[in-house]
Amino acid sequence: MAESSRPTRSDKILWIARLERRFHAWRERGARRRGRTPSVAAFPGYGSQRWVRVLARVVIPPVGRDKGEYAGIRGWRSFAAIPVAYGQVRVMVGGETHDVVADRGGVVDVVLPVSLEPGWQTLTAQVEGGQTTTLRVFIVSDGARFGVVSDIDDTVMVTAIPRPMLAAWNSFVLNEHARQPVPGMSVLLERVTRENLGAPLVYLSTGSWNVAPTLTRFLRRHLFPSGAMLLTDWGPTHDRWFRSGPAHKSTNLNRLAQEFPDIRWLLIGDDGQADDAIYTEFAGTHPANVAAVAIRRLTSAEAVLAGGRTAVNDHSAAGVPWVSGEDGAELLDRLEEAGVVRPGVG
């Protein structure tokens with residue numbers, strides 16, 4: 001009997017991915033006919049004194065926005081931007097010019113050779129000879145030995161993101177003025193980075209690149225220290241209906257361990273998603289790259305909205321300080337007790 005020609009699950013997802021691409025291509029053609037042109041949306045990146053990871057996206061901004069302005073106050077406007085697949089981007093850094101290509105979602109994620117001093121530095125980029133956009137990157141000193149990786153959703157900002165309807169509300173409707181910070185988290189991050197001058201801070205989240213402008217404004221408004229931002233692109237991939245959030249986090253953690261083998265990271269997350277499990281696995285495979293883990297415990301109400309807790313109960317094999325608390329103040333106290341943060345500094 002001949003094999004059935006019925007499409008497999010993978011085939012269907014491939015078809016969905018192709019449909020998504022055709023839809024955006026149709027939108028792009030219509031926008032260009034109306035005289036709208038693409039621009040570069042810049043995201044904070046990071047690098048060493050010899051290379052830099054450039055993060056950006058090529059988009060045609062929403063109608064009514066000035067050329068080069070990526071998003072308005074409300075999150076839904078950023079989703080109205082049209083991603084430009086395989087856009088040709090010219091990046092200028094340190095007197096050198098590099099021509100790079102965005103992926104099919106318009107995302108630019110490339111590593112370029114540089115020679116830059118430690119600290120925040122600026123690059124410039126443009127697409128199709130248009131307006132120049134400034135990109136900020138944090139250059140990690142060769143002597144750095146400590147860094148911080150922090151989740152965003154329900155770790156520094158209360159969102160209850162696992163619930164689909166609440167996630168949509170937070171992403172498409174609410175603005176940064178309406179979002180609530182987790183108490184004490186900005187103080188915790190500022191304290192840790194101030195004690196370790198030159199330490200890289202990376203905000204690692206499963207959120208979409210579309211909401212990066214809103215997240216940046218939120219962090220600035222609530223006095224969180226500046227850091228690189230690693231988000232992801234929504235929509236189907238070649239083999240999945242949606243991108244895997246845990247895989248995105250694990251992949252970037254492993255990448256950071258390879259890029260900065262001498263740095264030990266303080267990993268901060270919450271017990272409402274998979275952070276505990278992800279950090280447990282990373283601490284087991286890269287024990288030399290973990291200084292400590294701090295997990296924010298969701299309140300009972302937040303846990304219900306988030307669909308429960310996903311904490312790992314046994315961390316004895318991690319071999320690093322592992323603390324938990326309901327907010328930034330409690331986590332700071334526990335980190336002081338564990339010797340990760342110096343007591344009495346504030």
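Reply: Let's begin with the term itself: a nonpolar core is a set of buried Ala, Val, Leu, Ile, Met, Phe, Trp, Tyr and Cys residues joined through side-chain atoms within 4.5 Å. Buried here means under 20% relative accessible area, while exposed means over 50% and partly exposed is in between, using a 1.4 Å probe and protein chains only. Keep in mind that this is a predicted model, where local features need pLDDT of at least 70, side-chain atom pairs count only at pLDDT 80 or more, and totals for chains, interfaces and linings use all residues. Residues are numbered from 1 along each chain as its sequence is written, and side-chain values use heavy atoms, with hydrogens and water left out.

Now for the core. The largest one holds 62 residues, and Val149, Leu266, Leu267 and Tyr279 are the members that touch the most others in it. Strand β15 (residues 290–296) gives this core its largest share, six residues; strands are DSSP runs of E, at least two residues long, numbered from the N terminus.

Zoom in on Leu266. Skipping neighbours within four places in sequence, Leu266 has contacts that include Phe146, Gly147, Val148, Val149, Val192 and Leu335. Ala291, Ala292, Val293 and Ala294 are also among the contacts of Leu266, where contact means heavy atoms within 4.5 Å. Another core, of 25 residues, lies apart from the largest one, and its members include Val52, Ala56, Ile82 and Val127.

Terms used:
Helix = DSSP H or I, 4+ residues; strand = E, 2+ residues; numbered from the N terminus.
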